[in-house]
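Here is a model for us to read together. Keep the view open, and we will take one kind of feature at a time.

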Amino acid sequence: MTTVRIPTGWPATEEQARVIQDELRARVVLDEPGPPPGTGHVTGVDVAYDDERDVVAAAAVVLDAASLAVVAEATAVGRISFPYVPGLLAFREIPTVLAALDALPCPPGLVVCDGYGRAHPRRFGLAGHLGVLTGLPAIGVAKNPFTFTYDDPDAPRGSTSPLLADAEEVGRALRTRDAVKPVFVSVGHRVGLANACAHTLALTPEYRLPETTRRADALCRRALREATRPRGPLAEPAAADPERG
């Protein structure tokens, strides 16, 4: 497990963070299709918090895209690097997530975030932020639509409907199980939206959420328990945040 310090020069105010968002958003690549589903590696990243102890744990789990078998995994823990501000959640998570990715012994391939990419008030959620910083193709698969609207997709698995900010399509609601609530897919970096949905379907052969998310969630929670055990009982991770899905 890697221990992470808050990077020197990390933004301390909302204004500083928004300036960085604007600069990095201009570097997002939206005209690449991305890797074909079922090929190479696909990596899930997720985080868990203990706000009382000022600890965040991140996990990165690499799967073989064809078999969904675990290829490698890594974790990192550190201090929470930014206060909670809607729309700026990535600044709380990026240092530890990057450290977990850096600790992997193999290339991550496509990165799947438990959260958003273009489906974000400033069109630059965690998947976009992480993709730009690493250069990796990245998508967001969220549990909830955040502030956006959508029509319920048809009941069969694979059905979609646009996730809309007024008239702009910022992602898609995707049914991964017949007649079960959809997930919300958005592009982060170097992947097209249709391909992002195809990857999400390939990662959900049995459950509503991608295997990448399920495995990374379990691993980061375990890492948080280990990191906080010497100082007392585990505090529950922070309540589910609508920005993360």
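**Reading the features**

Q: What is the relative accessible area of Asp 54, and how do I read it?
A: A residue is buried under 20% relative accessible area, exposed over 50%, and partly exposed in between (1.4 Å probe, protein chains only). Asp 54 has a relative accessible area of 29%, so it is partly exposed.

Q: What kind of model is this, and what should I know before going on?
A: This is a predicted model: local features need pLDDT of at least 70, side-chain atom pairs count only at pLDDT 80 or more, and totals for chains, interfaces and linings use all residues. Residues are numbered from 1 along each chain as its sequence is written, and side-chain values use heavy atoms, with hydrogens and water left out.

Q: What is the mean pLDDT of the protein?
A: pLDDT is the predictor's confidence in each residue, from 0 to 100. Here the mean is 93, and 93% of the residues reach 70 or more. Residues 232-239 stay under 50, and the model has 15 contacts for them beyond four places in sequence. A contact means heavy atoms within 4.5 Å.

Q: Which strands does β3 pair with, and in what sense?
A: Strands (E, at least two residues) and helices (H or I, at least four) are DSSP runs numbered from the N terminus, and two strands pair if DSSP finds at least two bridges between them. Strand β2 (residues 41-50) is joined to β3 by 10 bridges, and the two run antiparallel. Val 45 has Ala 60 in β3 as its bridge partner. Strand β4 (residues 70-78) also pairs with β3 in the antiparallel sense, over eight bridges, with Ala 57 opposite Val 77 in β4.

Q: How many residues of β3 are buried?
A: Strand β3 covers residues 55-64, and nine of its 10 residues are buried, so the rest of the structure largely encloses it.

Q: What lies between the paired strands?
A: Four residues separate β2 and β3 in their hairpin, where Asp 54 takes a positive phi near 60°. The hairpin of β3 and β4 has five residues between the strands, and there Leu 68 takes a positive phi near 65°.

Q: How many salt bridges are there, and what does Asp 54 meet in one?
A: Side chains of opposite charge can pair when their charged atoms come close. A salt bridge needs a side-chain nitrogen of Lys or Arg within 4 Å of a carboxyl oxygen of Asp or Glu, and the count comes to 16. One of them joins the side chains of Asp 54 and Arg 79 (3.2 Å, N to O). Asp 54 sits in the loop between β2 and β3 and Arg 79 in the loop between β4 and α2 (90-102), so the pair ties together parts that are 25 residues apart in sequence. Arg 79 is exposed, at 52% relative accessibility.

Q: Where do Glu 211 and Arg 214 lie?
A: Both are in helix α5 (residues 211-228), three residues apart, and so are separated by about one helical turn. Glu 211 is buried at 9% relative accessible area, whereas Arg 214 is partly exposed at 34%.

Q: Is His 129 buried or exposed?
A: His 129, in helix α3 (residues 126-134), is buried with a relative accessible area of 2%. Beyond its neighbours within four places in sequence, His 129 contacts Leu 24, Ala 90, Phe 91, Ile 94 and Phe 124.
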